[in-house]
Amino acid sequence: MKSLFSVMVLSLALVFVQSRAVADMPSEKDKPENPNIVSGRKAIDAKDFKSAVGHLTKAVQEEPNNADAQSMLGYSYRKSGTFDKSMEHYQRALKIDANHRSAHEYLGELYLDMNQLDNADKQLAALKKACPFFGKCEEFDDLKKAIDAYKAKKK
């Protein structure tokens, strides 16, 4: 009985030590963000979309599989009026991450800019599936609002 207890204590201690070692390892979030993404985000915040395109183009060259960078580049192109490039980068973001909520929202808004309501509605439906709380998330709400405003304007 005493040896069984010793084995259990030793096993628990080993599990604790292993979990601490894993917890101390740097996670993906601990690595510094790509400086071009940081600069691109600042340019977007300042509504300097031409500068954002420059920074984010470098970012996607350095990290082609970064769905966030692809989506932000698509957004910057859309706000600059370059819809074909915008479409290209939203689609790349969604190829990397089919549930990328920002890419779905912004692609839906691009479709509205291109007078393609049916395609915008498809992005809204995709967001309903991608949002974690039964279709409730900020991106869904924002695209729904944009679609409602588009419809009201067309009446």
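Author: Two residues are in contact when heavy atoms lie within 4.5 Å. The helices named below are DSSP runs of H or I with at least four residues, strands are runs of E with at least two, and both are numbered from the N terminus. The model is predicted, so local features are reported only at pLDDT of at least 70 and side-chain atom pairs only at pLDDT 80 or more, while totals for chains, interfaces and linings use all residues. Residues are numbered from 1 along each chain as its sequence is written, and side-chain values use heavy atoms, without hydrogens or water.

The chain holds eight helices and zero strands. Of its 155 residues, 35% are buried, the word meaning under 20% relative accessible area, with exposed over 50% and partly exposed in between (1.4 Å probe, protein chains only). Of the contacts between residues at least 6 apart in sequence, 48% join residues at least 24 apart.

At its start, a side-chain oxygen of asparagine 66 comes within 3.0 Å of the backbone nitrogen of aspartate 68. After H4 comes glycine 81, with a positive phi near 90°.

H4 is largely enclosed by the rest of the structure, because eleven of its 14 residues are buried. The buried residues include Ala67, Ala69, Met72, Leu73 and Tyr75, and also Gln70 and Arg78. The partners against which the buried residues of H4 pack are H2, H3, H5 and H6.

Three aromatic pairs are found in the whole structure; rings of Phe, Tyr and Trp (its six-membered ring) pair when their centres lie within 6.5 Å, and planes under 30 degrees apart count as stacked, over 60 as edge-to-face and the rest as tilted. The ring centres of phenylalanine 49 and tyrosine 75 are 6.0 Å apart with planes at 70°, so this pair is edge-to-face. Phenylalanine 49 belongs to H3 and tyrosine 75 to H4, so the pair links distant parts of the chain, 26 residues apart. Both phenylalanine 49 and tyrosine 75 are buried, tyrosine 75 with a relative accessible area of 18%. The ring of tyrosine 75 also pairs with that of tyrosine 106, the centres being 4.7 Å apart and the planes at 50°, so that this pair is tilted. Since tyrosine 106 lies in H6 and tyrosine 75 in H4, the pair ties together parts 31 residues apart in sequence. Ring pairs join Phe49, Tyr75, Tyr90 and Tyr106 into a cluster.

Definitions and conventions
A polar contact is a pair of N or O atoms within 3.5 Å; within protein, one must be able to donate a hydrogen and the other to accept it, and residues adjacent in sequence count only if both atoms are side-chain atoms.
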